[in-house]
Amino acid sequence: MSDSTTTLTAGTFDEVVNASDKPILVDFWAEWCGPCKMIAPILEEIASEQGEHIQIAKLNVDEAGDIARRFEVMSIPTLIVFDEGVPTKRIVGAKSKDALLEDLSEFI
Amino acid sequence: MSEHKEVVIIGSGPAGLTAAIYTARANLKPLVIEGEPSSTSDQPGGQLMLTTDVENYPGFPTGIMGPELMANFRSQAERFGAELLTKKVTRVNLHASPFEIWVGDPASIDPTFTADSVIVSTGAKALMLNLPNEIELVGHGISTCATCDGFFFKDQEIAVVGGGDSAVEEAMFLSRFASKVTIIHRRDQLRASKIMQDRAFANPKIEFLWNHEVTEYIGDTKLEGVKVQNVTHKTESTLSVTGLFIAIGHTPNTSIFEDQLSLHENGYIKTEHDSSRTNINGVFACGDVQDFTYRQAITAAGSGCMAAIDAERWLEEHAG
């Protein structure tokens, strides 16, 4: 949709997450999830406003179920921030932009 | 400085957005303060945002997805000029004239908006069991959104608590993924509608645990099971489940209106018979926040239309 967020797939996930030179937030989402759709535009905004501090990426759990299982995602939206390839922060459930920015304050 | 509006609508489910469509078409330039994203039903679009197929909303013979229906309501309201603000109302003063409404810091001196009339359509949200460790386990086995989370319980044994339509609907939906769904209900029969009951009883993956209540969650970082108690014999047993979906009913979102609007004992807003009028002139209520009887998208939309017409007439009578 936008240039500011990266779309990950099961094939590119590990490479992109490990190669990122800044923290990367991965949004585990799916087409059928109402709350995921609500935070999508918020994540787009954060991507364009905070792009120099944090990379924003999306992973569709329908297409990459194995990766969702690997990180024990049991509820979506789940946002996991990876720093140097290591999961360091986990946010479960949709939130307002202000609440998300507060959760991400250590990275931005 | 506060911004003045003729009509402010608080809440954006079927009731609020229908009120927005009607007041916008009446050229009242409504502001809809639609709430903030969350994974509970207290969010823009309301409870339908957490559902999948809506099969009983007239006009969609093959059904429509809940979030899609609400996106349609929203764009229809925008098309006629309704303004939508994705924020939460934190405080109201309905004793002032014009009415005062705050978003953001409720302690700030100036209200964010003032309004000649207010339509309250804040809806109702799902009740939780309020057992220890519940909040910590949400997203780790305990769920408030079957449509969001059901997918992750593929081939697992899970449970649904409750006995009404929403509990049975969730169990039916979850049976697409789970190997077994146990409906835990504290009575010996369901409150759900006949058609839903028939579907549930015919579903080979759905089992029933009658006359039982959940008393404890088992598991520290993720749910491993629940302790249940027989309500008559008080005997305890354990049910091994990796997921628990709570559907035990709703509570109205009326906390910011307490001490201002007349409420029923159960917290729902009182409206005059055959109208959307509350005890305060110029304040109208519609949708689930004032309805604990029907609680359907279509009745919410219908009452939203009533509130819009009531507000329009009230503004005409009190113009200037």
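Analyst: Domain bounds here come from an automatic or database domain assignment. The model is a predicted one. With those bounds, chain B splits into domain 1 (3-126 + 250-317) and domain 2 (134-246), and the C-alpha centres of the two domains lie 31 Å apart.

User: Thanks! How many residues of domain 1 of chain B are in contact with domain 2 of chain B?

Analyst: Six residues of domain 1 of chain B are in contact with six residues of domain 2 of chain B. Contact requires C-beta atoms, placed from the backbone, within 7 Å. On the domain 1 side, the touching residues are two nonpolar, four polar and no charged.

User: Why is Ser303(B) called buried?

Analyst: Being buried takes 20 or more other C-beta atoms within 10 Å. Ser303(B) has 27 C-beta neighbours inside 10 Å, so it counts as buried. This serine sits in helix H7 (residues 297-317) of chain B. Beyond four places in sequence, Ser303(B) touches Ala15(B), Ser276(B), Cys286(B), Gly287(B) and Asp291(B).

User: How do you know that the length of helix H2 of chain A agrees with what it should span?

Analyst: Helix H2 (residues 34-50) of chain A has 17 residues, so at 1.5 Å a residue it should span 24 Å; the end C-alpha atoms are 25 Å apart, which agrees.

User: Which elements do the buried residues of H2(A) pack against?

Analyst: Those residues, including Met38(A), Ile42(A) and Ile46(A), pack against elements of both chains. In chain A these are strands S1 (5-8), S2 (24-29) and S3 (55-60) and helix H4 (97-103). In chain B they are helix H2 (66-79) and helix H4 (146-149).

User: What does H2(A) give to the side of chain A that touches chain B?

Analyst: In total, 19 residues of chain A are in contact with 22 residues of chain B. H2(A) supplies the largest share of the chain A side, six residues. By type, that side has 13 nonpolar, four polar and two charged residues.

Terms used
Residues are numbered from 1 along each chain as its sequence is written. Chains are lettered from A and ligands numbered from 1 in the order in which they are written. This is a predicted model: local features need pLDDT of at least 70, side-chain atom pairs count only at pLDDT 80 or more; totals for chains, interfaces and linings use all residues. Two residues are in contact if their C-beta atoms, placed from the backbone, lie within 7 Å. Ala, Val, Leu, Ile, Met, Phe, Trp, Tyr, Cys and Pro count as nonpolar, Asp, Glu, Lys and Arg as charged, and the others, Gly among them, as polar. Helices (H or I, at least four residues) and strands (E, at least two) are DSSP runs, numbered from the N terminus. The expected span of a helix is 1.5 Å times one less than its number of residues. A residue is buried if 20 or more other C-beta atoms lie within 10 Å of its own, exposed if 12 or fewer, and partly exposed in between; C-beta atoms are placed from the backbone.
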